[in-house]
Amino acid sequence: MAGHNRFSKGSEWRKWDLHVHTPASVLENKFGDDWDEYVKILFKKAIEYEIRAIGITDYFLPEGYKILKEQYLNDPAKMASIFSFEEIEKINKIAVFVNIEFRLTKLIIGKNNDLAWNRKVNYHVILSDELEIDLIYSEFVSQIQISFDSATGSQAEKRPLTKSNLENLGRRLIDEHPPFSKSGTPLFVGMMNASVDEEDLIRLLKGNSQLKDKFLLGLPADEDLSDVHWNSQGHSLRKNLIKQAHFIFSSNKGTINFLLGGGDKDRQIREFGSVKPCLWGSDAHDFDKLYLPDGERHTWIKADLTFEGLRQVVYDPISRVRIQDSSPQQKSSYQTIEKVRFVDPSDKIFSSEWQYVNPDLTTIIGGKSSGKSLLLYYIAKAVNSVEVAEKIVLAKATSYKDLVGVDFEVQWSNGEISKLSEPTDSKPITYIPQLYINHLAEEDGREQLNELVKSILWQNEDYKIFSKVQEKLIHDLNAEIDKQVSKIFELRGKFAELGTDLAGFGTRLSIEEEIKSLTSTIQLLREKSGFTPEQERVFLRLTRRKKTFESREAAIKSAVLCSDQVLDSVSVRSASMMTSFRDAIVADVDMSPDSTFLNGLFDSLNAHVLDSLKDFESEVKHRMSNKPKLIQVLKAKIAAVDVELLPLMQKVKDQSELDLCNNKLRAEELKLKAVAEIESKRNALKLEGGQVRGELHDKFKELVNKYKEYASEVEKPEYQPEEGIRIYAEVGFAGEKFSEFTKLFDGRGNLSNLVGALVDVKGDYQFDVEHYSDWIVDVDKRLLRPNADIPARRKGVSESDVTRRLFSDCLYIGYVVRYREDEIAKMSPGKRGLVLLNLILHLSNASHPILIDQPEDNLDNRTIYDQLNCFIRERKAKRQIIMVTHNANLVVAADSECIVVANQAGQQANLENEKFKFEYCSGSLELSYEDLMLSGMLKRKGIRQHVCEILEGGVIAFKERELKYGFRT
């Protein structure tokens, strides 16, 4: 172990085949007797199929393993005669274990008429590759007894399991039963009939200190154990065999699920002693079958290529082994970090060697001030400095000082490199510094908590679509409300202007009285003139006709003036209209405003609009083209009427007075007409203003309803994260924002007179979403009521300011998290942190790495063991987690694939480093060794020893892990 790579990734998924026979498998050998050919194909195919561990299997005697080790693997010259240098390098990285296949004294009985089903139980013993072959023979194989012969009334004669005794047994059986001579050699017959007692095997293995903890027992299961008829006489026999086995040789999905508990792990442990892993192999007896298991269901084990690595499938059968065609490691290479390093030109503070991390869970451990949080911080900062800065501020945590002259590099699995010195080239990560989770649970962390919950809900595509649509509707409604307010005060401005104009004319009643007086005066003047009745009729007809022509002339002149104003306005506003129109469209579409395609569409739209405006201008000019001619015609007609009136007008005795009265009358009639038009416009504006204000009220009520719909949608079961955690949404009220409205009024006034039920007697806001829109509408009506007993507006505050603030959006969607019916705000800090961390880890669709610094803060060990480590185990399968921790359960019980051990020189006595101020080493949980002759405290021990020494409760954590699935050493 001293040569272990102290910068390894830890436990990795690799393809294992633990059931490969050799030419020494007497009972069935189709390889032939050419061992050179066998070894050549054995390893060349292993390289080709990427097999990283092989179980060399033979019946009763590990003869094939002995030949392979002694005559080939331990003979460099022999290996060099068969393989190239590159091939030998790859072969040396393949783990080779011995797998001895026994026949037990117990029989499996099948159909009465099919004796082929009446066969002995196969039993596999896999031994550690660290055991010498001679020790395996002397301490185990030769100690096994086989039944040799029996006599009436006597115990069966037993002899040691040796090749010669097997041959002698075969010869005796052939002599006693000549048909056996057709079966094969004496050794074949002896092996075919030999059997051992599994109790003897276990006694030998466990009773020998050199073999204890160096073996695994495997039991083949050809049938689906979930479909076996367990209510039979063979129940106890079958169950005890399964209980004794460390693993089952099977790829049957029903059997795998059955042995893992089928959803009820505790029941499985109670009935079968432990949860059992299933392994599978090719059971190859010929070259064509080599490494090609049935159904191409390969065994993938996540562990070091050591016997201790293999033993992890027993301790953690659920997460350490898979039987499938492709690798279980399916994370995208651009979303996992492969290795990291400090780049220190001084070569004193940090080593510039790469430190590997695992694509699943990497835990960083170490004593106080050992550099573990430092390493995590710089990994995060090199990848995304903005994320780190924001989280540090939110968590109110202390930031590390910049490293002077030192850079930091992060290499991703696809080869890309992120550097501390290149902060603009960032990639997505989630960084959770110490105290950040505490911050989320506090009031000032509510906004970040809302964003977190929203991102979780957005993992559901249906909710994401609904949310985007709803937010767009809310945005558009707010824009419409703002337009309605603007329109109200635009109408008010016009109404006020008309009022000013009206005041210049005087009142309608005074004008009408003046017209009546002038009409009477004119009548008297005409009567004095001696008009005959016929002349009077002619005079009245001509004057009415003249008024008609003058009125038509005025109307045409007004239309001409309006047309000119419209064309001028269109010319001035067309550019700003197109800009506003374009901006609105850009906001509605999912494409960059710099898009060539989108700009092409805008160019086309602009051309069409300009063409339409030109057509409109031409049409207006065409419609006005005959108006000057009409005006001239009317002027001529007025002049003609004047000619006819002239003789009658000359009869008026007081012509000058009559002219003056007529002029005054015409002026007053024009004033009355203008007043009528102004009043009509004011009435229309007043009506329109009422309609616009009503629409404003309706839009605001619709806005509140959209928020209520938003909140209701969240409660649907399909959006909830998982059992135990429930997310609710409520429409929240931003009191500080609403106070911007109340601050527009004199604070000495009675606020309740202004906002009514929105405040209590103390002046505190009492928000109720069901009545909120009605309350706001009531406030608006109260503001319009004359002589209302409300506080006065502050100096310089306009009615427009007041209305705009009143109808501003003071609502938001606030998320409420409940865990087992307890609201998160009312939980203890520890429980709250647990739930929040679970929510963060629940971001399954967010597949970028998550870096967490001490998530166990405020949690007791039992909570960590029972719940937090389960959350982490579940999430690490979908996204890479790199975590600093002081808690053994988050390392051991969470089955950390890679443990990075940190140490800073000078912090503790007798914990010196090899060379640098800060040093790191890494490996898997199964890496266990001690070598005090090595330099540097990190190199001298394996990861298991570091975990046990550094982390409180480390030894207990390993024991609990081994007991978790019912395993007893």
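Helix axes are lines fitted to C-alpha atoms over the stretch in contact, and the angles between N-to-C directions run from 0 to 180 degrees. Helices (H or I, at least four residues) and strands (E, at least two) are DSSP runs, numbered from the N terminus. The model is predicted: local features need pLDDT of at least 70, side-chain atom pairs count only at pLDDT 80 or more, and totals for chains, interfaces and linings use all residues. Residues are numbered from 1 along each chain as its sequence is written, and side-chain values use heavy atoms, with hydrogens and water left out.

The axes of α18 (residues 461-505) and α27 (residues 799-806) come within 10 Å and cross at roughly 160°. The two helices are therefore roughly antiparallel to each other. Angles under 35 degrees count as roughly parallel, over 145 as roughly antiparallel, 65 to 115 as roughly perpendicular, and the rest as oblique. The crossing of α18 past α27 is right-handed. In a right-handed crossing the near helix is turned clockwise from the far one by less than a right angle; anticlockwise makes it left-handed. On the α18 side, the contact is made by Asp-482, Val-485, Ser-486, Phe-489 and Arg-492. Glu-799, Ser-800, Thr-803 and Arg-804 supply the α27 side. Contact means heavy atoms within 4.5 Å. By class, 2 of these residues are nonpolar, 3 polar and 4 charged. Ala, Val, Leu, Ile, Met, Phe, Trp, Tyr, Cys and Pro count as nonpolar, Asp, Glu, Lys and Arg as charged, and the others, Gly among them, as polar.

Helices α1 (residues 35-48) and α2 (residues 63-73) form another pair. Their axes come within 12 Å and cross at roughly 90°. α1 and α2 are therefore roughly perpendicular to each other. From α1, Trp-35, Asp-36, Val-39, Leu-42 and Phe-43 take part. They meet Gly-64, Ile-67, Leu-68, Tyr-72 and Leu-73 of α2. This contact has 8 nonpolar residues, 1 polar and 1 charged.

The axes of α14 and α15 (residues 385-395) come within 5 Å and cross at roughly 125°. That makes α14 oblique to α15. Tyr-377, Ala-380, Lys-381 and Val-383 of α14 meet Ser-385, Val-388 and Ile-392 of α15. The contact divides into 5 nonpolar, 1 polar and 1 charged residue.

The nonpolar cores come next. A nonpolar core is a set of buried Ala, Val, Leu, Ile, Met, Phe, Trp, Tyr and Cys residues joined through side-chain atoms within 4.5 Å. Buried means under 20% relative accessible area, exposed over 50%, and partly exposed in between (1.4 Å probe, protein chains only). The largest core holds 90 residues. Phe-738, Phe-741, Tyr-772, Tyr-815, Leu-839, Leu-868 and Ile-872 touch the most other members. Helix α23 (residues 655-714) gives the largest share of this core, 14 residues. Beyond four places in sequence, Ile-872 touches Leu-361, Leu-841, Ile-881, Met-883, Leu-890 and Ala-894. A second, separate core has 84 residues, including Phe-43, Ile-54, Leu-201 and Ile-242. Phe-43 also belongs to the contact of α1 with α2.

Several single residues were also described. Gly-814 sits in strand β19 (residues 811-819). Gly-814 is buried, with a relative accessible area of 0%. Neighbours within four places aside, Gly-814 is in contact with Arg-446, Asn-450, Tyr-728, Ala-729 and Glu-730. Its C-alpha atom is separated by 55 Å from that of Val-675, 139 residues apart along the chain. Arg-172 lies in helix α6 (residues 163-176). At a relative accessible area of 18%, Arg-172 is likewise buried. Apart from neighbours within four places in sequence, Arg-172 is in contact with Phe-148 and Asp-149. Leu-540 is in helix α20 (residues 533-588). Leu-540 counts as partly exposed, at 31% relative accessibility. The C-alpha atoms of Leu-540 and Lys-472, 68 residues apart along the chain, are separated by 67 Å.

Backbone angles complete the description. Most residues other than glycine have a negative phi. Asp-213 has a positive phi of about 65° although it is not a glycine. Asp-213 lies in the loop between α8 (198-207) and β7 (215-220), and its relative accessibility of 32% counts as partly exposed. Ser-369, not a glycine either, has a positive phi of about 55°. The loop between β14 (361-366) and α14 (372-383) holds Ser-369. At 41% relative accessibility, Ser-369 counts as partly exposed.
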